Amino acid sequence: MMDPHLIDIATACLRGAEDHAMTFPQIVDTLMAAGFESYAVDYRRATAIYYHPDGDSLALAAHRLDTPVAAQFDTAAITAAIREAQQLVPGYSYEGFCRKVMDAGCAGYIVSFSGRRAVYFGRTAETHVEHFPQ
């Protein structure tokens, strides 16, 4: 059973993303400081899973969007959505990001803190690896 304090931190990070109260770098820093090693988002199940290096994990319900995951994996469109998020373009929101990548065939993503990367994957297991910006 995960420590209640860690549950609170993971929950705050997920809600912070969904409510546009935290940026991706803030979320990464917060989760790393709490000792998490990675997390994964599954759009089809509307779930976020947070992993601790001791083997413990926590699955949280994420906001379910009414956008289906497209069948075709469009790496260019996913990359464009990532760039908008990185630059926090005017009007950016995490929900808008999720809709864009789902429309581009992204079924979810895994973030590795030690690997300093996110791996986006499609319904047919196609992937796009995005390294953290310097």
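**View 1. Strand β4 paired with strand β5 in a predicted model.** Strand β4 (residues 106-112) and strand β5 (residues 117-122) run antiparallel and are joined by 6 bridges, where two strands pair if DSSP finds at least two bridges between them, and where strands are DSSP runs of E with at least two residues and helices are runs of H or I with at least four, numbered from the N terminus. Within this pairing, I110 has V119 of β5 as its bridge partner. The hairpin of β4 and β5 has 4 residues between the strands, and R116 in this hairpin takes a positive phi near 50 degrees. The model is predicted, so local features need pLDDT of at least 70 and side-chain atom pairs count only at pLDDT 80 or more, whereas totals for chains, interfaces and linings use all residues. Residues are numbered from 1 along each chain as its sequence is written, and side-chain values use heavy atoms, with hydrogens and water left out.

**View 2. Strand β4 beside strand β1.** Strand β1 (residues 38-42) and β4 also run antiparallel, joined by 5 bridges, and V41 stands opposite Y109 in β4. Of the 7 residues in β4, 5 are buried, meaning under 20% relative accessible area (1.4 Å probe, protein chains only).

**View 3. Helices α1 and α2.** The axes of helix α1 (residues 4-18) and helix α2 (residues 24-33) come within 10 Å and cross at roughly 175 degrees, the axes being lines fitted to C-alpha atoms over the stretch in contact, with angles from 0 to 180 degrees between N-to-C directions. The two helices α1 and α2 are therefore roughly antiparallel to each other, a term for angles over 145 degrees. I9, A10, C13 and A17 of α1 meet I27, T30 and L31 of α2 in this contact, which means heavy atoms within 4.5 Å.

Notes: Buried means under 20% relative accessible area, exposed over 50%, partly exposed in between (1.4 Å probe, protein chains only). Angles under 35 degrees count as roughly parallel, over 145 as roughly antiparallel, 65 to 115 as roughly perpendicular and the rest as oblique.
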